[in-house]
Amino acid sequence: MHQTPTAPRTQAPAPMLRRSLRNRHVTMIALGGVIGAGLFVSSGAVLNSVGPGAWFSYLLSGTLMALVMRAIGEMAVLLPQARGLADYARIGLGHWAGFSVGWMYWYFWVIVAAVEAIAGANIITAFWPQLPTWQVCLGLIVVMTGINLASVKAYAEAEFWLASLKVTAIIAFVVAGFAFLMGWLGRPSPGLGVIRDHGGLLPLGLGAAIVGSVTVLFSFSGAEIATVAAAESEDPPRYAARATRQVTYRIVLFYLTSIAVIACIVPWDLPMSGERVRSPFAVVLGIIGIPHAETIMQIVVLTAVLSSLNSCLYLTSRVMFSLAAHGDAPQRLVRVTRRGVPARSILLATVFSYLSVAANYFFPEQVFLFLINSSGAICLVYYLILMLAQLRVRRRAEADGTAVRMRMWGHPWLSRAVIAWICAVLVFMAVWPATRAQFWLSALSVAVVFAAYAVRRRADRGRRRRAAEEEGIR
């Protein structure tokens, strides 16, 4: 019969991470986790392929992510002993789930770290073309590694200010766009004329908006970072619950209002993707009459990229620390410095990022493209496992009479609906030509993780059998 482990599978207790984060840190980390560079850049490509109905695409994907975050928040409150996402899966479904979610999560975010470092280097070299891109790229990784190695508080402070700049930029953008649409800036307001004169709200049909929601979904990945950071706060369950409760409001404020402003001001068929990618935010600021709009948005996007890179190193180090604590990664990685930082786990992620950057430099169309595609759909798989874990954790809590202080909405029906929704997205990715390669390469990565767990389990059984035989001899 299946038994759910409730404690790390190590001989000695793992060192503790310091709980030095305050509420303002966790709050701003949560804000930064929701706002990625994709909102500032790839939203233009979504608008070009969907039309003003991109707002509906973001609404669909935002709703799905809000439900996933609510489920994670419920587990964070019910399982205060857990160190993060992998532990939720481990306690809910068993050791296989913790192993799988941990390694998939780690792999996904080390690839994202390399992508963000390359994106940041491209922005910087656009201002200073004389700088070699690969050197700038490595320099960014070194700087962010140094911040993460210093202390968790150093990471949190850096993320606090980087996220503050992103939040301020979006709020200022929405206010300026709304003022322009109301005619308060001394220029004639277009009203809804831009939408009406270019085919209406859904010029390409509702189907295009639904298809667009699949692409948009990946813009929200990373929203769960607050629950990871909350483990190093003064009150993990309370801070994790607070952060997940606010995700819905942040999605409405930052994504839906921004996309609505853009759709009302910028014609959807104005090219913003292809050979020359343009930020729709910069296009809006240019129409409004803000000088140096392109430069301003480049700086904002760079801020978003650095924030993401900073968080990637943090996330990968903490999940690796948790894996090592459970015996699913080398035990040396579980050690922490005097400041409570898992330095070896951070450096491992950094080394992998260096290798990925080198792959992009020497083999951009082969190795690096393979790495990106092989990690693309992984986040959906670990979200799926986490939703299954939430159903099991909630069932046990109710059976034990445990008070559920933060509840998943519409449980269990909404939880099951989210599971079906994620499965439908994965099936769609498998058959849609634009995402088919990404799906199957990601499926290969997932298969490798499951095969690794099978090897790990067989090795455990062998050790236990040998130990039993030696005990019998004695």
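**Exercises: aromatic pairs and a helix crossing**

Phenylalanine 108 and tryptophan 109 are both buried. Keep in mind that you're working with a predicted model.

**Exercise 1.** Classify the geometry of the ring pair phenylalanine 108 and tryptophan 109.

*Solution.* Start with the centres: they sit 5.1 Å apart, and rings pair if their centres lie within 6.5 Å. Next, take the planes, which meet at 85°. Planes over 60 degrees apart count as edge-to-face, so that's the label for this pair. The two residues also belong to a cluster, linked by ring pairs, of Tyr105, Phe108, Trp109, Tyr382 and Tyr383. The structure as a whole holds 24 aromatic pairs.

**Exercise 2.** Work out which kind of aromatic pair phenylalanine 173 and phenylalanine 281 form, and which parts of the chain the pair ties together.

*Solution.* Centre to centre you get 4.4 Å, with 45° between the planes, which makes the pair tilted. Now place the residues: phenylalanine 173 is in helix α8 (residues 152-181) and phenylalanine 281 in helix α14 (residues 280-288), so the pair joins parts 108 residues apart in sequence. Finally, check burial. Phenylalanine 173 has 3% relative accessibility and so counts as buried; phenylalanine 281, at 1%, is buried too.

**Exercise 3.** Describe how helices α15 and α16 pack.

*Solution.* Helix α15 (residues 293-325) and helix α16 (residues 343-362) have axes 8 Å apart and an angle of about 125°. The two are therefore oblique to each other, and their crossing is right-handed. Contact residues include Leu313, Met320 and Phe321 of α15 and Ile346, Leu348 and Ala349 of α16. By type, the contact splits into six nonpolar, four polar and one charged residue.

Key. Residues are numbered from 1 along each chain as its sequence is written. This is a predicted model: local features need pLDDT of at least 70, side-chain atom pairs count only at pLDDT 80 or more; totals for chains, interfaces and linings use all residues. Side-chain values use heavy atoms; hydrogens and water are left out. Axes are lines fitted to C-alpha atoms, for helices over the stretch in contact, and angles run from 0 to 180 degrees between N-to-C directions. Helices (H or I, at least four residues) and strands (E, at least two) are DSSP runs, numbered from the N terminus. Angles under 35 degrees count as roughly parallel, over 145 as roughly antiparallel, 65 to 115 as roughly perpendicular and the rest as oblique. A crossing is left-handed if the near helix is turned anticlockwise from the far one by less than a right angle, and right-handed if clockwise. Contact means heavy atoms within 4.5 Å. Ala, Val, Leu, Ile, Met, Phe, Trp, Tyr, Cys and Pro count as nonpolar, Asp, Glu, Lys and Arg as charged, and the others, Gly among them, as polar. Rings of Phe, Tyr and Trp (its six-membered ring) pair if their centres lie within 6.5 Å; planes under 30 degrees apart count as stacked, over 60 as edge-to-face and the rest as tilted. Buried means under 20% relative accessible area, exposed over 50%, partly exposed in between (1.4 Å probe, protein chains only).
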